[in-house]
Amino acid sequence: MNPHVAVIGVSQTRFEADKGYEAIIETVFKVVREAMRDAGINRDDLDSIVTSSVDLWDGRTASNQMLTDVVGSIMKPESRVAGDGLGAVFQGMMAILAGASEITLVVSQCRGSMGDHYEISNWVFDPIYQQTLGLDYLSAGALQANHYMKQFGISQKECARVVVKNLRDAQNNPYAQVAREATVAEVMDSPMWAYPIKEMDAAPISDGACAIILASQEEGKALSKNPVWILGAGSCLDSHYLGDRDLTGGDALIRASEKAYAMAGIRDPLKELDVAEVSAAFSYQELLWTELMGFCGRGEGAKILQEGVTSMGGVLPVNPSGGMIAGNPVTVAGLTRLVEAVLQVRGEGEARQVRGARRALAHGTTGCCGQGQYVMIVGN
Amino acid sequence: MKRNSQQEELLRVPVHMKLHYRFPAGAHYDKFFEEMKETGKIMGVKCPECERVLLPPRPVCGECFVRTGEWVQVGPKGTVVAYTSIYFPFVDGTTGKPRPIPYGAGLIQLDGAYSAINHILEEGDPEKLHIGMRVEAVLTEEREGNIGDILYFKTIEE
């Protein structure tokens, strides 16, 4: 294994329900400068920039244009990914692997508070057919939830345990928006939104931003005493139409994770990974994604959670940060998972540190019900 | 149903996109509009490194990649650096009413500012507009703290 791309700087904001006290450019400037400080570089060292955001969440067209000043891209090449921040990392990696860039900034931002999350997510769908019938991220998620839960006999209470675990662990994460001791009964009693998804099963609406600095092998070694390397990476897209997919089968995530494992030389992810940060917007998704990434057999996600395998202190802790249940600035979620994975491998996870973590998985998803899937393995 | 694709159009579905936002203006726009409303002054911010006075005011100088610094009053007089006359109707965002055509629009470099800002010119006749002409901001009597507080820029003789 001879890794080619290093992560030499990371930064994230605290996730909050409403950052209306500062402009988006203010938030992004802070997070970009902090990532540069963490990497020990300045703006002149940057060869290229990749941003991730979505126009409808930003309320304007080609919305990355508002970020030019604060991501340092004046007179530099910048590209933009209209989707998850972990997808943007693939774009940044490509620039480095192509030899076009030695040091690349990847930054993602979203303001959930600016618009109406589910009103906007309705616009993800075909305006002629699907959208008219009210499909949005919530109702589509509920279709997938039932499909999965019926197939494997998973109960709502078992999904509720994901929420309890993540809210509890989020108390160790200073960047979390929601963090507290909760009970299964509380989750079960929270208002029904779209059967079987209840209010507490869903990630909150959040504001936040994240930034990382990628470096080539040479620059990574030169700039960082102990760089974190991208050991494996896989991405895969499923069909757009929900009705064309096997909603529980999750071929896209199986393929993305197998690709990443093969690159990183991982045969048994449960044993060989030390920690995983997974993008799950709803409680059931954490169970489903962990199965599809091979942490356990199909239908066993709830079982390994119940046994403590995926809890702090377990064989493979999933989402020590609290995951998206603790904060969910839509497109930022996947990049946050990578930042958390890097902090774990560096041993800088503070109260949420998984002891001795050497290999960490970061998972991101874009579109509805995991249409697009991204998996990265990082390690020393 | 018979269709002659040569003559009949295929189905087109009218879609009206209506979304609601609350844009976080941030501290710099907040002060800019508050100052305009309360005192009628147009304020820019200065970059401590390149010393350019930027408009609209903003937290960061993108060229120097540093935080901007002190506030500086600019204008209300300035110089037209680019202009046009608009002959298509435009619904004025600050009033919700169509602006009478033709009307002038320009990039105006206010005295003391580096950045030129776009705004409406009182003069709409392209024969009477030229680059380098001097103009002055005309503010409304009752100001609300938005860009509509500047009605337009009028031509001045100096």
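## Surroundings of A:S101

Leaving aside neighbours within four places in sequence, A:S101 is in contact with A:D47, A:S48, A:A95 and A:I96. In this predicted model, A:S101 belongs to the loop that runs between α3 (85–97) and β4 (103–111) of chain A. The relative accessibility of A:S101 is 3%, a value under the 20% limit, so the residue counts as buried.

Two polar contacts of the A:S101 side chain can be described. One is made with the side chain of A:S48, at 2.9 Å. In the other, the A:S101 side chain reaches the backbone oxygen of A:I103 at 3.3 Å.

## Interface between chains A and B

The size of an interface is often given as the accessible area lost when the parts come together. For chain B and chain A, the buried area is about 2200 Å², and carbon and sulfur atoms give 65% of it. The contact involves 32 residues from chain A and 22 residues from chain B.

Polar pairing across this interface comprises 7 residue pairs in polar contact, with both residues at pLDDT 80 or more. The salt-bridge rule finds 3 such bridges between chain B and chain A.

Side chains of opposite charge can pair when their charged atoms come close. One salt bridge between the chains is formed by the side chains of B:R67 and A:E26, with an N to O distance of 2.8 Å.

Another is formed by the side chains of B:R22 and A:D18, with an N to O distance of 3.6 Å. B:R22 lies in the segment before α1 (26–39) of chain B, whereas A:D18 lies in the loop between β1 (5–12) and α1 (24–39) of chain A, so the pair joins two chains. B:R22 is exposed, at 54% relative accessibility; A:D18 is partly exposed, with a relative accessible area of 37%.

## Salt bridges within single chains

Over all chains, the structure holds 24 salt bridges. Within chain B, B:K77 and B:E158 form one of them, and their closest N and O atoms are 4.0 Å apart. This pair links distant parts of the chain: B:K77 is in strand β6 (residues 77–86), and B:E158 is in the segment after β12 (150–155), 81 residues apart. B:K77 is partly exposed, with a relative accessible area of 33%, while B:E158 is exposed at 66% relative accessibility. Both residues belong to a network of salt bridges that also includes B:D111 and B:R134.

Within chain A, the side chains of A:R168 and A:D169 meet in a salt bridge with an N to O distance of 3.7 Å. A:R168 is partly exposed at 31% relative accessibility, whereas A:D169 is buried at 5%.

## A nonpolar surface patch

Which residues make the nonpolar surface patch of about 670 Å²? Chain A supplies A:I128, A:Y129 and A:L133, and chain B supplies B:L11, B:V13 and B:V15.

Technical notes: Residues are numbered from 1 along each chain as its sequence is written. Chains are lettered from A and ligands numbered from 1 in the order in which they are written. This is a predicted model: local features need pLDDT of at least 70, side-chain atom pairs count only at pLDDT 80 or more; totals for chains, interfaces and linings use all residues. Side-chain values use heavy atoms; hydrogens and water are left out. Patches are made of residues with over 30% relative accessible area and no salt bridge: like charges are joined within 9 Å, nonpolar side chains (Val, Leu, Ile, Met, Phe, Trp, Tyr) within 5 Å. Accessible areas come from the Shrake-Rupley method with a 1.4 Å probe; for residues, only the protein chains shown count as cover. Contact means heavy atoms within 4.5 Å. Buried area is the accessible area (1.4 Å probe) that two parts lose on being put together, summed over both. A polar contact is a pair of N or O atoms within 3.5 Å; within protein, one must be able to donate a hydrogen and the other to accept it, and residues adjacent in sequence count only if both atoms are side-chain atoms. Helices (H or I, at least four residues) and strands (E, at least two) are DSSP runs, numbered from the N terminus. Buried means under 20% relative accessible area, exposed over 50%, partly exposed in between (1.4 Å probe, protein chains only).
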